[in-house]
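I opened a new notebook page for this chain. My plan was to look at the whole first and then at a few residues.

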Amino acid sequence: MRFGRTAATFLRRAWDQASHTSNPSPHLTSRHHESALAVGGRWARRSYSSRASGEEIGRQQKAVMRSSYFRRRGDSYRSILIAVAATGCLGGLYVVVSDSRVDRRDSEGLPPKKKVVLLGTGWAGMSFLKDINTDLYDVQVISPRNYFVFTPLIPSVTNGTVEARSIAEPIRRMCKNKKKEVRLFEAKCLEIDHNNKRLLCRDISDVTVKGKEEFIVDYDFLVVAVGALSNTFGVPGVEKYCHFLKELEDATRIRDTVVDCFETACLPHLTDDDRRKMLSFVIVGGGPTGVEFAAELHDLVHQDMAKLYPSVQEHVSVTVIEAVDHILNTFDARIQEYAESKFRRDGMFLKTNCQVKKVNEGEIVYFDKKANQEVALPFGLAVWSTGLGTRPLVKDFMVQVGQGDRKVLATDEWLRVKGCDATYAMGDCATVEQRKIMEDINLLFKLADADKSGKVTVDEFEELMELVRERYPQIDSFMKKKQLRDLKTLIKRAEATDQTDAVEVDLDRFKMAVEQIDAQMTRFPATAQVAAQQGSYLANCFNHLPFDSEAAQGPVRVRGEGHHRFKPFMYKHLGQFAPLGGEQAAAELPGDWISIGRSTQWLCGGFYPPFYPPNGGLNPPFGPAPLTSQQVVNCQRRMMASKTGAVNGASVHHESLYWKDQQAPFR
């Protein structure tokens with residue numbers, strides 16, 4: 001009897017807590033609550049006498065509500081209450097859920113949250129989505145694909161080293177652990193109307209509602225992270241006859257085409273010339289993606305395919321065409337030299353200083369600058385990997401905001417689109433335009449000339465540079481490249497003297513001291529590193545944007561008073577890898593550290609694991625966290641064990657080779 005009374009009391013507590021909470025579950029209506037409560041009450045009342053009347057339960061309920069145990073404070077209130085009404089050993093179970101993913105602002109009469117619409121599900125978009133506080137914003141995502149792709153492993157999909165499904169992660173799975181619901185619309189944005197803050201979208205799936213393919217989405221803040229297309233540079237025939245290597249579908253098509261080329265070459269009625277043409281694989285572009293794909297393809301055709309198609313192996317050729325002097329031109333010269341010599345040793349053909357003029361069916365025509373002649377190269381498969389182009393959506397938007405003469409969308413150092421309010425852009429579709437010192441040279445001189453004497457002393461100059469070096473990051477780049485110890489050296493270079501203590505410079509000399517600094521301004525590379533860091537930075541700014549009382553943390557305002565609200569975006573380069581095939585790779589890491597060879601391939605395998613975590617265990621920025629020495633050793637052992645299928649005598653499934661201590665859930 002006492003147990004039944006306790007169960008009934010707890011049931012009433014659960015009902016009262018769920019009905020009085022500020023964010024009730026949308027799935028349970030009041031009618032459902034009342035009917036379930038009545039059933040639970042009948043179960044409970046059967047186990048004790050009728051002395052436990054409704055008034056008594058109500059008094060107990062009020063006492064419970066007055067207790068601090070069942071009171072929760074704070075804006076993000078979460079609770080799951082389970083009430084059990086039982087008789088004897090068996091009884092009933094009823095769960096009352098207070099859903100924390102429903103906004104409590106409607107019930108409390110607070111103003112609605114600002115709506116943030118994110119376009120794109122790439123590195124920048126997913127890094128932003130991971131860190132944005134959904135308690136502060138109504139976040140919506142619009143993308144033609146509902147999954148994220150780990151792009152560094154796309155070349156490995158082309159030869160079957162990694163399965164396509166292993167490097168794709170559903171967006172909805174990533175969003176399920178957010179505090180508030182994030183809505184995802186699998187659609188393509190056709191037009192951005194920044195004046196009215198509206199987006200025109202279209203459902204491009206295979207299953208649509210006829211006559212309702214297009215729809216409108218309003219926004220308060222827009223984040224553009226749609227990425228870029230492969231740049232064809234207007235070369236005729238590229239889009240029709242070449243494969244690209246940007247999306248997961250591209251890698252799958254390339255893999256199928258490689259197999260088809262070998263199968264066709266084995267047909268009995270073909271001549272040797274036909275087989276040589278069919279097994280000629282051409283890669284246009286000697287950047288990191290093109291080089292990695294060429295290395296992966298070479299390993300495939302000379303290791304695996306050679307065993308399956310021995311009769312046509314002698315006709316296989318791999319050719320890399322590059323328009324400049326060297327492949328991997330963004331890497332150190334030592335890496336370029338090693339990569340070129342290795343490719344030639346492996347039997348691959350390098351065509352540097354060659355510019356493609358047109359692509360015909362089964363033939364690439366390029367101009368050899370060294371021989372000063374055009375050459376026609378037959379192919380069975382041609383892959384175009386030569387840079388990035390602008391998407392039509394971004395082109396139209398650039399015309400609206402007065403950037404129609406540009407190739408990419410321009411933003412300021414805070415990732416705000418120039419010429420447009422409440423719109424941000426990041427990733428491959430945008431570039432950050434840093435402000436030049438010479439644009440503010442007069443204001444800087446006035447800021448440094450504290451005594452209004454018309455001249456600036458060395459100490460005043462040094463104080464100014466220290467004050468604004470965060471606003472103009474090219475100052476640090478210049479000092480690092482020129483190996484300058486302090487800022488006073490700039491005055492020494494301008495005055496051509498080592499005695500700077502008593503030197504005073506006027507405006508002209510001031511300009512001479514800093515005019516070379518702007519020459520060190522460079523654009524951020526279009527890499528996943530930059531995009532991921534931009535997404536995390538912008539999300540952090542959004543998380544602090546509603547709190548106006550916070551002190552400004554940014555650099556001093558040169559044009560105005562006070563400080564900027566936030567610090568400008570600063571890219572931190574973490575290094576870059578270039579797999580070269582044959583279990584070898586090259587790495588260029590911060591501190592001018594260069595590594596080449598098999599040990600570097602193990603380092604690459606540690607940073608980009610050979611198998612993607614199947615359960616979505618992602619760490620910022622969606623790759624594995626930096627490894628300890630023991631984890632590297634374990635990774636090497638597992639990589640070696642993948643060839644034999646055993647670790648310490650135990651059978652190992654390939655998809656389990658991702659080390660267990662890196663399986664942190666997505667947050």
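Entry 1, the whole chain. I began with contacts between residues at least 6 apart in sequence, and 64% of them join residues at least 24 apart. The model is predicted, so I looked up confidence next, taking pLDDT as the predictor's confidence in each residue. The mean pLDDT of the protein chain is 78, and 73% of its residues reach 70 or more. I listed 21 helices and 31 strands. Of the 667 residues, 46% count as buried. The accessible surface comes to about 34,400 Å², and 50% of that belongs to carbon and sulfur atoms.

I found Gln 140 in strand S4, which covers residues 137-143. Is Gln 140 buried or exposed? Its relative accessibility is 3%, and buried means under 20%, so Gln 140 counts as buried. Leaving aside neighbours within four places in sequence, I noted its contacts, among them Lys 115, Val 117, Arg 183, Phe 185 and Val 217.

I counted 15 aromatic pairs. One of them is Phe 185 with Phe 215, edge-to-face, at 6.3 Å centre to centre and 75° between the planes. Phe 185 lies in strand S7 (residues 183-186) and Phe 215 in strand S10 (residues 214-218), so this pair ties together parts 30 residues apart in sequence. Phe 185 is partly exposed at 26% relative accessibility, and Phe 215 is partly exposed at 27%.

I then turned to Tyr 424 and Phe 542. Their ring centres are 5.2 Å apart and the planes stand at 65°, so I wrote this pair down as edge-to-face. The pair links distant parts of the chain, 118 residues apart, with Tyr 424 in strand S23 (residues 423-425) and Phe 542 in helix H19 (residues 528-544). Tyr 424 counts as buried at 12% relative accessibility, and Phe 542 is buried with a relative accessible area of 1%.

Arg 345 lies over the face of Tyr 338, at 6.0 Å from the ring centre. Arg 471 lies over the face of Tyr 472, at 5.8 Å from the ring centre.

An unreviewed UniProt entry lists residues 436-471 as "domain: EF-hand". In the model I found this span to be 53% helix and 6% strand, with its end C-alpha atoms 10 Å apart.

Terms used:
Residues numbered from 1 in each chain as written. Predicted model: local features only at pLDDT ≥ 70, side-chain atom pairs only at ≥ 80, totals over all residues. Heavy atoms only, no water. UniProt positions renumbered as here; feature names shortened; annotations may be inferred. Helix = DSSP H or I, 4+ residues; strand = E, 2+ residues; numbered from the N terminus. Buried < 20%, exposed > 50% of the residue type's maximum accessible area, 1.4 Å probe, protein only. Contact = heavy atoms within 4.5 Å. Areas by Shrake-Rupley, 256 points an atom, 1.4 Å probe, with all protein chains shown as cover. pLDDT = per-residue confidence, 0-100. Phe/Tyr/Trp six-rings, centres within 6.5 Å; stacked < 30°, edge-to-face > 60°. Lys NZ or Arg CZ within 6 Å of the ring centre and 35° of its normal.
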